[in-house]
Amino acid sequence: MTHTSRLWHMAGICLSFFVANACSQDISEPVRIHWGASGGINQYKEPGLMQLKGPELGLHARVTPWADMPSAQLEGDIFLGQQKYTSQSSGSMNGVTNLETRWRALWPVMSDIQEGLSAGLALHTLWNDLRGTTTFQGTTYGGYQRSASQLWLPMRWRIDDMWELDAGLLIFGRHTSKLSEVNTSYQDIVNTQHRGQYAQVAMNVALSNGESLKPFVRYTHLADSNTVAMGGKYWIEPESHRWQIGMVWEFATP
C-alpha cells in the first residue's frame, strides 16, 4: 500500500467513526446521513515566499438529527491533494501531499438548521509533507513536515435550500514545523495563530433522483503567527491565503 493509499484509508476510518458515533445514538427521529464526494483545485500562497497548487479529492458527511440535540447538524470533510511547491528562493518540488480535515457542529440561531442563520464550533487540521530536496542557483534545500490544528467559530446562512454562505473566525491555532528534519541542530517550532477568517459560497443544484451537485468557492486567510526564538533567530509562520474551488456530489442514505 502506497503512502497516499494509507492516508486515504486513515481518512475513511476517521469519517466512518464520525458517522457511526452519530448513528449509534438513541433518538426519536431517524438519522439521515448525507454523503458526498468532491474534486477540485487547492492553491495556497505565502506572499513573496512560496505557493502550493494542485488537485484534491474530498469525502464529506452531514448528519442530522443527533442524540438529544435534534436541531443540531454535524459535518465532516476530508481533503487529500497532490500539489506542486514553487518558491522564488528555493526552487520547486512535485508530489507534495496535503491532507485537510474539518469537523463542525452547527445549531440554528434564526429559523431552523435547514434555512436561515446557524453557528457553532469547528475543528480544522492540516498536514503538508514537504520532505525532500529542491535546488535553486546551485544550492540544495531540505524540506520538512508541517501540521496545524485550529479551533474556529463557523457561521452559515442558508437561502431557499439553494445557497449556502459560510464564514468563520479563528479562535486559536497551533502550527508545527518539523525543522529537525532539515538539520539535526534545529528544534521543531510551534507557532500560535490568533487571527484568521474564511468565507465560502456554495450552490445546491438538486437532481431528479434526489441527489445534488454543489459547486463551491472557498477563501481562507491566516495572519502572521507569533514569533519563536531558536538558534539565535526568530521564526514566524507567515501570513497565508488559500483558494479552493470544486464540486461536491452529495447523496443521502435511505
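Tutor: Before we start, strands here are DSSP runs of E with at least two residues, helices are H or I runs of at least four, and both are numbered from the N terminus. This is a predicted model, in which local features need pLDDT of at least 70 and side-chain atom pairs count only at pLDDT 80 or more, while totals for chains, interfaces and linings use all residues. Residues are numbered from 1 along each chain as its sequence is written, and side-chain values use heavy atoms, with hydrogens and water left out.

Student: Is I189 buried or exposed?

Tutor: Buried means under 20% relative accessible area, exposed means over 50%, and partly exposed is in between, using a 1.4 Å probe and protein chains only. I189 has a relative accessible area of 4%. Because 4% falls under that limit, I189 is buried.

Student: How far apart in space are I189 and K178, C-alpha to C-alpha?

Tutor: For some surroundings, take contact as heavy atoms within 4.5 Å. Leaving out residues up to four places away in sequence, I189 touches residues including H175, V228 and W235. I189 and K178 are 11 residues apart in sequence, and their C-alpha to C-alpha distance is 6.6 Å.

Student: How many helices and strands does the protein have?

Tutor: Of the 254 residues, 44% count as buried. Contacts between residues 24 or more positions apart make up 59% of those with a separation of 6 or more. As for the elements, the protein has 1 helix and 16 strands.

Student: How many bridges join β1 to β2?

Tutor: Two strands pair if DSSP finds at least two bridges between them. β1 covers residues 32-46 and β2 residues 50-64, and the two run antiparallel. Q43 stands opposite K53 in β2. The number of bridges joining these strands is 15.

Student: Which residue in the hairpin of β1 and β2 takes a positive phi?

Tutor: The hairpin has 3 residues between the strands. The positive phi is near 80°, and the residue that takes it is G48.

Student: What stands opposite I41 in β16?

Tutor: β1 also pairs with β16 (residues 240-252), in the antiparallel sense and over 12 bridges. The residue of β16 that stands opposite I41 is I245.

Student: On to the rings: what is the angle between the planes of W152 and Y198?

Tutor: Rings of Phe, Tyr and Trp (its six-membered ring) pair if their centres lie within 6.5 Å; planes under 30 degrees apart are stacked, over 60 edge-to-face, and the rest tilted. The rule gives 4 aromatic pairs. W152 and Y198 make one that is edge-to-face, with 5.2 Å centre to centre and a plane angle of 65°.

Student: How many residues apart in sequence are the parts that the pair of W152 and Y198 ties together?

Tutor: W152 is buried at 1% relative accessible area, and Y198 is buried at 6%. W152 lies in β8 (residues 145-159) and Y198 in β11 (residues 196-203), so the sequence separation of the parts they tie together is 46 residues.

Student: Which charged end sits over the ring of Y198?

Tutor: A charge sits over a ring if NZ of Lys or CZ of Arg is within 6 Å of the ring centre and within 35 degrees of the ring normal. Here the charged end is 4.1 Å from the centre of the Y198 ring, and it belongs to R218.

Student: Which side chain meets E46 in a salt bridge?

Tutor: A salt bridge is a side-chain nitrogen of Lys or Arg within 4 Å of a carboxyl oxygen of Asp or Glu, and the count comes to 14. For E46, the N to O distance is 3.1 Å and the partner is R146.

Student: And what is the N to O distance in the salt bridge of R146 and E237?

Tutor: Both R146 and E237 are buried. Their side chains meet in a salt bridge with an N to O distance of 3.3 Å.
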